[in-house]
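Hi everyone, thanks for making time this morning. I'd like to walk you through a model I've been looking at, going from the overall picture down to a few individual residues.

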Amino acid sequence: MDKFKERIKNSKKAIEPSQKNNPNQLYQLNKFKMANKKSKFNLSLGLNFVLVTTLVIVLTIGGIGLFNNKVEPNGKENQNNQSVINPNTPTTNTGDFIKVNSLQELKILLSDGNLEFNDSFDEDLDSPEVEVPTSPGEPSYGIVGGVSPDIDVIIPSIKEEVYETNTQVNGVDEADIVKVNGKFIYYISRKTKMLHILKTNEEQVTEIKNYSFGKEEVVISENEEAIAYRVTETTLNDMYYTDLYLIVSADAETYTKVTTKSQNGTYTSEYQNISEYHIYDINTYELVKKIQTAGNNVSTRLVGNELIIVNNYNDYKKNMNLMLPRYFVDDVMIEPLVSTIYYCPFFGSNINSYVIIYKVILNNKIEIKDYYFLTPYIRNLYATKDKLYLIRYSGSISETKDNLLTSYNTSKVLVFDYEDEIKPVDVVTVKGRINDKYWIDEYEGFLRIASTGSKNEQKLLAGKYPYSSSSSIFNYLTIFKLDSDGKYQEISSITEGLGEIGETMYSARFNGNRATVVTFKQTDPLYYIDLTDHYHPVITSELKISGFTVYQHPYNENYVIGFGYEANSSGVTKGYKIALFDVSDKYNIKQVGKPHVFIYGSIDAASLINVNAHTADYYYGFEVISNPKVLLSNMSKGIFGFSINSRDYVGSGSSSKYRHTNRYIVMKIDVNSDDPLKIILDEKHEATSYHDYYERMVFVGNYYYLLSSESVKVYQLNNKLDLVGNLSF
Amino acid sequence: MRKISNEAFNELYYQYKPMIYNIAYTYVHNVHDADDIVQEVFLKYLKSTEEFAGKNNEKYWLIRVTINTAKSFVTSSWRKKVILDEETIDKQKNNDSDSNDDLFEIIYSLPRKYKEVIVLYYYEDLMIAEIASILSISQSACKKRLERARNLIRAREVKNG
């Protein structure tokens, strides 16, 4: 054995000797505990450990109580003692983040996930030798076709109700392609990728500026044989605004293009996608800061004047020269120090990505803070005003009970405080997948998580677990309470009763002491879960109807609008559905009046009873179910709006073709009517491409603005929405 | 509850206690908590009705439960951070660490997956195939983890001078 390995073996000598040694006590203790299974032991582990022998027994009982049982406030013990045998069993706990010590250590950690190092990536470039700079290049930002050079600076002073993005949490803004700031509308057309800055004055709307980004080629090197270009293609995504700034996010793809002069050959390489943030002065629209972040964006949030950007980063998989996630501020490269990178030994076993959190403080002086953690890949996030919850899918955990080995897939939630410095404070694990950000919710110190997943069960046979197993779907609700140490402790869960056999959870929405959950296989059980006592959540009501809801939108305390699918009795989807549910009586939730169903043409609309049927050959593009931010929501007036597309086959013979129609529909809720979802606007036009439609509608006071790549239509709210103005781009 | 006599349990306890204690200590790094974990693991053993096909399977079961219990404990023991901090201060006062201590500290601070293989391979003298079985990973993955763990230890030793 070499010396190094011998030294590792010898390091065991540093383990301090045990201070306890009494199997007889343990044996008796176990008998005693089994005999008194229903007794209540609730002693604190915080007592002194070194006591006389009798006290050790008592202490151990107390310790066991804390180890094995969820101790409820009333002193009840949960007797669900299960032996955990899988070594990868995650726990509800806090990761102890450790600083990375050196580049060499970082390299080893990043080699996780069976990555192959590829230090020679640059040499693989099959092109003439041309010097290539390390900068990702300068994006082609600037004004294209500015409509009016005279900036009309108006500080919004009106207090009338204006459109806000349909976000999950009040006070935590989410980026979107449209924002309304007083009388100003900022709108990025997804068709033209152009940012329009519009000023409204009731029925009048004017464009005061527009921005467009495109493709730019910059010669970066040239010799006798070849020319190298840095090519940057930038597309606008979405935006935020604050009192001081308009923040526009964009994706920039950069690559190096080399053309040879003699052979007219072209080579491209070093593709890199960069998430950019262009920060403009809110009054002059002058660019004041440009941030090019590292990695792929998971999501962003704006809380007050602080922009939080969460990225996954694994560019090093292509090129280990990119092991340190460099980013650029006004084209100045910033590379993190190794000592600012952390990993957590307890947060999952596979480090296959960085999660990078940028905090951009948007005061008069813009400050950027960056935080780096080596973690598994982050899938989604949920944010409150003071905490970030990063969600990832995790491996399986196994439990044995009564000779039955049950394995569950799991999700982990990494919790960060971000009020001041961003710091990890807890790791929470739940069985199943957290498929949507709406499935997680923090309320008055309770963290509520809905999850769905699959479990495998193997029965012990002849001392072994066979390979064959049976699998099934489960739907859980798990509740954690924030303790005085700032950690979440699991206090209760619902593991039975949500969905019948084989039913998967499709949507969940929390609202105060209420959760509404939808599962589906053939029909849509909508469950009401009473969370008045978070220690004892109870399913109080369920409603079975055809189809299922994917997105639930609350309308005051008593109603939920469901956006989802209609389905036949076999569970085959037949169209999109919008329905209103009365959840005011937790013991008797019910559907109110007729839902609207946008039916695929193969269904006979007449066969559907008590439904407002809209027929077309085929409906598509009902974006609200996948991206609830598109929803126009003015719940104080009971108004909501959405876009939907349809396709019909028209003509005959060689002249036949598909005709695409785009509709923007606005509905007003009247809960006292048999038909509670009344259409007050149904704007249609023929569309020619996917993004060629009315994308959004926003409002300022009583005026509503319908936005598309070609125009802004203005409506005044009366009994219906009446067209009163128009602006063509 | 397991059907086992006090005498048979005594024998099992003395056979496996050092192993369980050592594994637990590499996670919690203090005698009190490691002792608590030993007790907890044996209580789980007594409570369990799991039957084992052979002595080795019993040992592997104990190792798995020890690792799980220790992992759970590491975080729940944040409550006892004050105690740990006091120990740390005491150790710094004593300042009598030798190279064994230094190397153990490095192993203690390794990511979980690397620490597990090091402890089982070098401390408990298990074979690659056994470790792979206990950790439910392939033998090649086990070897890879072991190699990376060694590299990490070397890197940290260099860093620490």
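This is a predicted model: local features need pLDDT of at least 70, side-chain atom pairs count only at pLDDT 80 or more; totals for chains, interfaces and linings use all residues.

For the complex, the predictor gives an ipTM of 0.80 and a pTM of 0.69.

Let's stay with chain A for a moment. It has 729 residues, and 40% of them are buried. If you take the contacts in chain A with a separation of 6 or more, 53% of them are between residues 24 or more positions apart.

As a general point, nonpolar side chains in soluble globular proteins tend to be buried together. Here, the largest nonpolar core has 148 residues, and those with the most contacts inside it include A:Tyr186, A:Ile247, A:Leu381 and A:Leu390. Which strand gives this core its largest share? That is strand S17 of chain A, residues 353-362, with seven residues. There is also a second, separate core of 51 residues, and among its members are A:Ile8 and A:Ile108 along with B:Ile118 and B:Ile153.

Let me zoom in on A:Leu390. Setting aside neighbours within four places in sequence, its contacts are A:Val310, A:Val355, A:Ile378, A:Leu381, A:Val413 and A:Leu414.

Another residue I'd like you to find is A:Ile625, in the loop between strands S36 (618-620) and S37 (632-634) of chain A. Is A:Ile625 buried or exposed? It counts as buried because 21 other C-beta atoms lie within 10 Å, and the cut-off is 20 or more. Beyond four places in sequence, A:Ile625 touches A:Val550, A:Tyr551, A:Phe563 and A:Gly564. The pair A:Ile625 and A:Phe563 is 62 residues apart in sequence, yet the C-alpha atoms are 6.1 Å apart in space.

Over to chain B. Helix H2 of chain B, residues 31-47, reaches 24 Å from its first C-alpha to its last, close to the 24 Å expected at 1.5 Å a residue. This helix is mostly covered, with 14 of its 17 residues buried.

How confident is the predictor about chain B? The mean pLDDT is 77, and 81% of the residues reach 70 or more. Confidence is highest in helix H6 (residues 112-123), at a mean of 88, and lowest in helix H4 (residues 81-94), at 39. Over residues 77-97 of chain B, pLDDT stays under 50, and the model has 12 contacts beyond four places in sequence for that stretch.

That's my tour, and I'm happy to take questions.

Conventions
Residues are numbered from 1 along each chain as its sequence is written. Chains are lettered from A and ligands numbered from 1 in the order in which they are written. A nonpolar core is a set of buried Ala, Val, Leu, Ile, Met, Phe, Trp, Tyr and Cys residues joined through C-beta atoms within 7 Å. A residue is buried if 20 or more other C-beta atoms lie within 10 Å of its own, exposed if 12 or fewer, and partly exposed in between; C-beta atoms are placed from the backbone. Helices (H or I, at least four residues) and strands (E, at least two) are DSSP runs, numbered from the N terminus. Two residues are in contact if their C-beta atoms, placed from the backbone, lie within 7 Å. pLDDT is the predictor's confidence in each residue, from 0 to 100. The expected span of a helix is 1.5 Å times one less than its number of residues.
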